[in-house]
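Here is a short exchange on how labels follow from computed values. Look over the structure, then read on.

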Amino acid sequence: MSPTIYPKKADVVRAYHPTNESALVANAGDILRPLRREAEWPGWIWCADEKGVEAWAPERWLRYTGGRAVLIRDYNSFELSLQPGMRLTVLDEESGWVLAALPGGDIGWAPVDCVQFIAND
């Protein structure tokens, strides 16, 4: 099986509205405090940054060392608000979510079940 190559195009097939008002923005090397896991989103962990901002983060993007979680790549937890009929450019996919760009340039996360990937266009 060959690896997925990004970016890919996708159409929004189901509306999605963000569940978290604040976005956690952090850089590779920043330390996050893991707080909890939830069965609904395996592969994601609820974390807090040094300022106390809390959000979900992909667990595969964290390296645990000395009881701390260190980001191994830049991360922004911003979630996109989606409506059916929108077209996205998918930049990455992680544990049931896509990181995507809207035509206007906003970049954020949305559940993968809200989109349908478009065959090579």
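Q: How many salt bridges does the structure hold?
A: This is a predicted model. It holds five salt bridges.

Q: What makes the pair of arginine 87 and aspartate 11 a salt bridge?
A: Their side chains meet at 2.8 Å, N to O. The cut-off is 4 Å between a side-chain nitrogen of Lys or Arg and a carboxyl oxygen of Asp or Glu, so the pair qualifies. Arginine 87 lies in strand β9 and aspartate 11 in strand β1, so the bridge ties together parts 76 residues apart in sequence.

Q: Why is arginine 87 called partly exposed?
A: Its relative accessible area is 40%.

Q: Why does arginine 37 count as exposed?
A: Arginine 37 has 56% relative accessibility. Exposed means over 50%, so arginine 37 passes. Its side chain forms a salt bridge with glutamate 59, with the closest N and O atoms 2.4 Å apart.

Q: Why is aspartate 92 called buried?
A: Its relative accessibility is 15%. Buried means under 20%, so the term applies. Aspartate 92 still meets arginine 73 in a salt bridge, at 3.2 Å from N to O.

Q: How do you know that serine 77 is buried?
A: Serine 77 has 7% relative accessibility. The limit is under 20%, so serine 77 is buried. Among the residues it touches are Ala55, Trp56 and Trp109.

Q: What makes serine 77 and leucine 24 a polar contact?
A: A polar side-chain atom of serine 77 lies 2.7 Å from the backbone nitrogen of leucine 24. The distance limit is 3.5 Å, so the pair is within range.

Conventions: Residues are numbered from 1 along each chain as its sequence is written. This is a predicted model: local features need pLDDT of at least 70, side-chain atom pairs count only at pLDDT 80 or more; totals for chains, interfaces and linings use all residues. Side-chain values use heavy atoms; hydrogens and water are left out. Buried means under 20% relative accessible area, exposed over 50%, partly exposed in between (1.4 Å probe, protein chains only). Contact means heavy atoms within 4.5 Å. A polar contact is a pair of N or O atoms within 3.5 Å; within protein, one must be able to donate a hydrogen and the other to accept it, and residues adjacent in sequence count only if both atoms are side-chain atoms. Helices (H or I, at least four residues) and strands (E, at least two) are DSSP runs, numbered from the N terminus. Lists of a residue's contacts leave out its neighbours within four places in sequence.
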